[in-house]
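Welcome, and thanks for taking a look with me. Here are a few notes to read alongside the view below.

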Amino acid sequence: MQNVTADDVAAAAGVSRWTVNRAFKKDASISPRTRTKVLEAAERLNYVPDLHAAALASTRSNLVALLIDDFANPHKLVMLERLTRALRTRGWDTLLVNTLDPDDAAPALMNASQRRVDATILIGLQFDDEVLEAAHKARRFKKLIIFARSSENPETISICVDDVAATREIARYVLNRGYRQPLYLAGPRTTSAHLLRKETFAGIWMEERGFQPESHAVDAYDPQLSAEVVYAALAQRAAADRPDILVCENDALALGAIDTIRHRLGLDVPGDIAVIGFDDVPQASSHNYRLTTYRQPLTEMAEYLVDVLESAETTNLDRAFLGRLVVRESA
């Protein structure tokens with residue numbers, strides 16, 4: 001069976017070929033009556049527009065590459081859902097790339113740059129300064145967006161929560177509740193796309209209490225790895241030497257910490273050790289955890305990202321958002 005073309009639809013609808021093309025574009029200038037006539041003719045003929053050909057004829061493909069890693073972190077799935085929903089609602093398609101490990105980050109980024117995408121969005125830990133610099137030397141990216149992290153690279157666009165403001169709110173809560181011996185549980189440190197939570201909390205605690213809080217790092221935002229680090233840090237301690245609260249850089253670390261405190265150390269949360277997280281993943285509100293945490297405004301952040309995609313501007317697009325502290329029983 002011969003493929004139906006835009007010319008066939010144009011003849012059936014009594015319009016030009018260019019009017020057919022405009023009828024399938026979301027923001028094209030065309031009257032509702034003419035659009036309806038074209039779409040009805042297309043339906044009768046079983047016509048499906050060739051999106052690739054349409055993209056080649058346009059300066060915009062309405063396709064973005066989304067590079068993501070660290071799927072052990074449940075917050076990544078929430079971010080992925082919010083982002084793809086915002087993109088699809090406003091007519092954007094997504095090329096999803098799982099960057100498997102640090103060595104895969106640079107090849108994945110360069111591969112994305114060879115596709116006809118309008119922007120590349122990075123969500124993860126593996127995009128350091130060297131990788132970003134190499135990507136920009138290729139000069140193939142229209143927009144390179146770091147989502148949910150800040151970046152010092154001037155050629156990227158950062159869309160993230162305001163880590164400093166958020167951590168100040170968390171630290172003030174910890175101080176006001178009377179906790180005196182916090183342990184900060186941090187994730188992996190990166191050299192470009194990073195968080196400012198550990199440094200901010202430590203600075204506030206030093207200013208208010210006169211000493212640096214104890215801290216430990218976990219190599220990935222993985223609840224199981226977090227559980228092992230917390231067990232190693234606390235298993236041999238007497239009650240008087242234990243922290244009274246674990247302040248965790250995100251919820252993935254907090255969930256693993258709670259599991260260890262309760263099920264391996266036999267202690268009570270929050271009676272023996274309180275726990276506070278960051279992100280408000282779906283598990284945080286479950287009866288198993290009831291985690292006090294900081295909720296990022298992901299829907300608002302995702303909508304702004306699409307605004308950035310649709311903007312003709314290329315500078316001064318960084319934006320940091322304010323979320324809110326969600327208080328539950330864990331702290």
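Predicted model: local features only at pLDDT ≥ 70, side-chain atom pairs only at ≥ 80, totals over all residues.

1. Strand β11 (residues 319–321) runs parallel to β5, and three bridges join them. Strand β4 (residues 144–147) is likewise parallel to β5 and joined to it by three bridges.

2. How many residues of strand β5 are buried? The count is five of the five in residues 157–161, so the strand is largely enclosed by the rest of the structure.

3. Next, find threonine 19 in helix α2, which covers residues 17–23. Threonine 19 counts as buried because its relative accessibility is 9%, and the cut-off for buried is under 20%. Its side chain makes a polar contact with the side chain of serine 16, at 3.0 Å. Setting aside residues up to four places away in sequence, threonine 19 touches Ile30, Thr34 and Val38.

4. Finally, please visit valine 229 in helix α10 (residues 223–234). With a relative accessible area of 22%, valine 229 is partly exposed. Beyond its neighbours within four places in sequence, valine 229 is in contact with Leu185, His216, Ala217 and Val218. Threonine 260 is 31 residues from valine 229 along the chain, and their C-alpha atoms are separated by 9.4 Å.

Terms used. Residues numbered from 1 in each chain as written. Heavy atoms only, no water. Helix = DSSP H or I, 4+ residues; strand = E, 2+ residues; numbered from the N terminus. Buried < 20%, exposed > 50% of the residue type's maximum accessible area, 1.4 Å probe, protein only. Contact = heavy atoms within 4.5 Å. Polar contact = N/O pair within 3.5 Å; in protein donor to acceptor, adjacent residues only side chain to side chain. Pairing = 2+ DSSP bridges.
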